[in-house]
Amino acid sequence: MKSPALEVLAFVMEKVLLISNFKLLPSDEVITASHYNVSIYKRGDLLEVPRTLFVHFGIYLGKDRVAHLMPDILPLLSEDPALLQKVVTNKRLVLGVLAKAASVRVDSVHDFAYGSHILVNHLDRSFPQGALPGEEVARRAEELVGGVEYSLLWNNCEHFVTRCRYGRPASLQTDKFCETVKMIIRDQRSVLVSVLLGMASMMCLGLGPSTTLPSILIPFSLWMAG
């Protein structure tokens, strides 16, 4: 059985390799090259599109409109509807995450998907209680349109769609992340890994508060938490 710490280390290394070509959203060239047949979607459908490091979700409202929660700094800086309705850029998204600011906005399927392949109602299999009626799902999504607080763990785009479609907010992505963190803490070999990394940083960067304190506190915290 693989060590959870080693599995996470491999995961981090994979993402580091991806980060050299990292894009939160594809380029405009990808967007303009894509076409979506909106006639196959029904009002209240849950739409799902992959990103580089995560999956993005939205609720189809009908007439080529999708409600989705997006981190966005602009609602904190402006109330101009014309500016706010423009497609969220990478800079706006990153600053929104840092400021914990977001909005539930309505975009076209084209702008929502950003050139990605769309899965429809893919989360239904993970919620055995079943989805609410499509009209109820869409109505809930429409009522939530506007500015909201953003939290990567507690209020992201997946929490929004599951609240609308299944009646309770949940995020399988963040649950999996939290379980991985728990496994790392419970596996005491992670203490040894953190000690070795701390010693390596002190050897490479020298002794000092910025290297010594983390090298002591991180292994100690992992040991006590385990």
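Predicted model: local features only at pLDDT ≥ 70, side-chain atom pairs only at ≥ 80, totals over all residues.

Colleague: Where does Leu95 lie, and is Leu95 buried, partly exposed or exposed?

Modeller: Leu95 belongs to helix α5, residues 90-99 (helices, H or I, of at least four residues and strands, E, of at least two are DSSP runs, numbered from the N terminus). Buried means under 20% relative accessible area, exposed over 50%, and partly exposed in between, with a 1.4 Å probe and protein chains only. Because its relative accessibility is 39%, Leu95 counts as partly exposed.

Colleague: What salt bridge does Asp72 make, and are its two partners buried or exposed?

Modeller: A salt bridge is a side-chain nitrogen of Lys or Arg within 4 Å of a carboxyl oxygen of Asp or Glu. The side chain of Asp72 meets that of Arg92 at 2.6 Å, N to O. Asp72 sits in the loop between β3 and α3 (74-77) and Arg92 in helix α5, so the pair ties together parts 20 residues apart in sequence. With relative accessibility of 1% for Asp72 and 11% for Arg92, Asp72 is buried and so is Arg92.

Colleague: How many salt bridges does the structure hold, and which residue does Glu135 pair with?

Modeller: The structure has eight salt bridges. In one of them, the closest N and O atoms are 2.8 Å apart, and the partners are Glu135 and Arg43. Glu135 lies in helix α7 and Arg43 in the loop between α2 (28-32) and β1 (46-50), so this pair ties together parts 92 residues apart in sequence.

Colleague: How far apart in helix α7 are Glu136 and Arg140, and which network are they part of?

Modeller: Their side chains meet in a salt bridge at 2.9 Å, N to O. Glu136 and Arg140 are four residues apart in helix α7, so about one helical turn separates them. Glu136 is partly exposed at 23%, and Arg140 is partly exposed at 27%. The network of salt bridges links Glu136, Arg139, Arg140 and Glu143.

Colleague: How many aromatic pairs are there, and which residues form a stacked one?

Modeller: Rings of Phe, Tyr and Trp (its six-membered ring) pair if their centres lie within 6.5 Å; planes under 30 degrees apart count as stacked, over 60 as edge-to-face and the rest as tilted. By this rule the count is two aromatic pairs. One of them, 4.1 Å centre to centre with 5 degrees between the planes, is stacked and made by Phe127 and Tyr166.

Colleague: Which parts of the chain does that pair link?

Modeller: Phe127 is buried, and so is Tyr166. They are 39 residues apart and link distant parts of the chain: the loop between β5 (119-120) and α7 (134-143) for Phe127, and helix α8 (residues 157-166) for Tyr166.

Colleague: Where does Lys63 lie, and what is its phi?

Modeller: Lys63 is in the loop between β2 (55-62) and β3. Because its relative accessible area is 77%, Lys63 counts as exposed. Although Lys63 is not a glycine, its phi is positive, at about 55 degrees.

Colleague: And which loop holds Lys100?

Modeller: Lys100 is another residue other than glycine with a positive phi, near 55 degrees. Lys100 is exposed, with a relative accessible area of 59%. Its place is the loop between α5 and β4.

How values were computed: Residues numbered from 1 in each chain as written. Heavy atoms only, no water.
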